[in-house]
Amino acid sequence: MALQSLDIAKRSATTTEPPQARKTLEVAKLIDVSKCIGCKACQVACMQWNDLRDEVGTCAGTYDNPRDMTDQSWTVMRYAEVETDRGLEWLIRKDGCMHCEDPGCLKACPAPGAIIKYTNGIVDFHQENCIGCGYCIAGCPFNVPRISKKDSKAYKCTLCSDRVAVGLEPACVKVCPTGCISFGSKADMQDLAEERVTELKERGFTNAGLYDPAGVGGTHVMYVLNHADQPTLYSGLPANPTIAPTVTLWKSIAKPLAMAGIAAAALGGLFHYVMKGPNEVSKEVEAEVEKELEAEK
Amino acid sequence: MIRDPNDLQRYTASERANHWVTGICFILLALSGLALFHPALFPLTMLFGGGVWTRILHPFVGVVMMLFFVVMFFRFQSLNRMTGTDWEWVKRAREMVNGDDHNMPIMGKYNGGQKLLFWFLGVAMVVLFASGIVIWRAYFSASFPIGVVRIGALLHAVFAALMIIAIIVHVYAAIWVRGTIRAMLYGTVTRAWAKQHHRAWYRQVTGK
């Protein structure tokens, strides 16, 4: 919802500058995948804080439950059994909105104010302005937004913008029993990640690293991955996420060109009429036709 | 209601009704589509009952337009085959636009420009309909891979813009060439109009 109304960095379908007087701290959530035990407390806390209750699903033979994010499940744990040079590894990733610095959903959204990026980095959906077109889904490089079947509004993780606004950490961070999820300023989270990556490297995870993809300007949800060289091992975390070139072509190039083209056609018509005059039937032809009709009689 | 018994029938009542249903659909689609295309035009959603209603209505109007366009397409397609003379007309179109139509080749019921517009609209309608289905989130988008949905959104925007430009040209041409709009309003044109702009058609229907 529209909290922190003065601290907006970007607003969907808005061409003028947002209010910028106040500067806030850029925040981030750090998910240390190497510490995750897959308990799903974060999923439960998310449901509880946000008053969400998904339909009870069915077991598909894996721990993934629910199987995918929905309008009622804004975060899900994804369990991948992967063979690496260390043998069989169980890679568990808490999936959800990455809160991109350059959000593809916001770029694609046609409804003014339906998607807001706060100056603290949180990307939030304001359902009261959402028209349900689903363009955010096309814009997102991480396959995050979900449209509700009931109200046709788009939903996703808010990074508990309501809690963060009053100085609390997100619900999932609060509840995590292993300290796998941390929350703070983005700079602090990067430092924390660096310490953890060094530790992991000492323990033999030579490719450990921080996932803060530059293709979307960095994210405000970051992962420490023990195999940062292969993010796709973690249930398809994209290796180099960017806003799709088709979306950029659509929103950054086609949009202004089309508007210019349409305006040029309309004005071209008006000025052609004014400068060249109408194309009237000539007096000559009119006289000819008169003659023909006379002859007929 | 007969205005002048010497006037020539250019369109039947059924053809006119078909054209206007398609035309009204186009206007509704252009306004609602532009509303969702550029933020500056988002207020146009108010004409349709707000953003959500615009999103709901647009694709259904599109389906209606496609149905009526298909009927119109098959009604007129045999009259719109391009010939050598049509290409000659297209090459000289600039002279006419500049106000001199004395050297224009003699045209049948439709000139080269009208025919090209006809075929362009055919292609645009197919692309817009197909891409529109792909980006129709409420019923269809989930059945397509995300890459296809993105291409659909891009093609829909590009072809919609081209089609709006084409229709502006179409409407302007009808305004510019005086005595044309009545053909689509009550079906007839004057003999002089026909002789000046579509002489081969004039000869065909009058036997002169």
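Me: Two strands are taken to pair if DSSP finds at least two bridges between them. Which residue in E11(A) is the bridge partner of Tyr211(A)?

Reply: This is a predicted model, in which local features need pLDDT of at least 70, side-chain atom pairs count only at pLDDT 80 or more, and totals for chains, interfaces and linings use all residues. Residues are numbered from 1 along each chain as its sequence is written, while chains are lettered from A and ligands numbered from 1 in the order in which they are written. Helices (H or I, at least four residues) and strands (E, at least two) are DSSP runs, numbered from the N terminus. E10(A) and strand E11 (residues 221-225) of chain A pair in the antiparallel sense over three bridges, and in E11(A) the partner of Tyr211(A) is Tyr223(A).

Me: Which strands of chain A stand at the edges, each with a single partner strand?

Reply: Strands of a sheet pair through backbone hydrogen bonds, either parallel or antiparallel. Here four strands of chain A form an open sheet with mixed pairing, in the order E9-E2-E11-E10. Because each edge strand has a single partner strand, one side of each is left without a neighbour in the sheet; these strands are E9 (181-185) and E10 (209-211).

Me: At what angle to E9(A) does helix H6 of chain A run?

Reply: Axes are lines fitted to C-alpha atoms, for helices over the stretch in contact, and angles run from 0 to 180 degrees between N-to-C directions. Contact between two residues requires their C-beta atoms, placed from the backbone, to lie within 7 Å. Helix H6 (residues 186-202) of chain A lies across strand E2 (27-32), E9, E10 and E11, and its angle to E9(A) is about 135 degrees.

Me: Which residue in E5(A) stands opposite Lys10(A)?

Reply: Three strands of chain A form an open antiparallel sheet in the order E1-E5-E6. Its edge strands, each pairing on one side only, are E1 (8-11) and E6 (123-125). E1(A) runs antiparallel to strand E5 (residues 115-118), joined by three bridges, and opposite Lys10(A) stands Lys117(A).

Me: Which helix gives the largest share of the side of chain A that touches chain B?

Reply: 43 residues of chain A are in contact with 40 residues of chain B. Helix H3 (135-139), helix H7 (245-276) and helix H8 (283-296) are the elements of chain A that give two or more residues to its side of the contact. The largest share, 15 residues, comes from H7(A).

Me: Is Leu159(A) buried or exposed?

Reply: A residue is buried if 20 or more other C-beta atoms lie within 10 Å of its own, exposed if 12 or fewer, and partly exposed in between, with C-beta atoms placed from the backbone. Leu159(A) is found in the loop between strand E8 (154-155) and helix H4 (161-165) of chain A, and its phi is near 55 degrees, a positive value in a residue other than glycine. Because it has 29 C-beta neighbours inside 10 Å, Leu159(A) counts as buried.

Me: How many other C-beta atoms lie within 10 Å of Ser235(A)?

Reply: Ser235(A) lies in the loop between E11 and H7 of chain A. Although not a glycine, Ser235(A) has a positive phi of about 50 degrees. Ser235(A) is partly exposed, because the number of other C-beta atoms within 10 Å is 17.

Me: How far apart in space are Arg203(B) and Val127(B), C-alpha to C-alpha?

Reply: Arg203(B) is found in helix H8 (residues 199-206) of chain B. With 14 C-beta neighbours inside 10 Å, Arg203(B) counts as partly exposed. Arg203(B) and Val127(B) are 76 residues apart in sequence, and their C-alpha separation in space is 38 Å.
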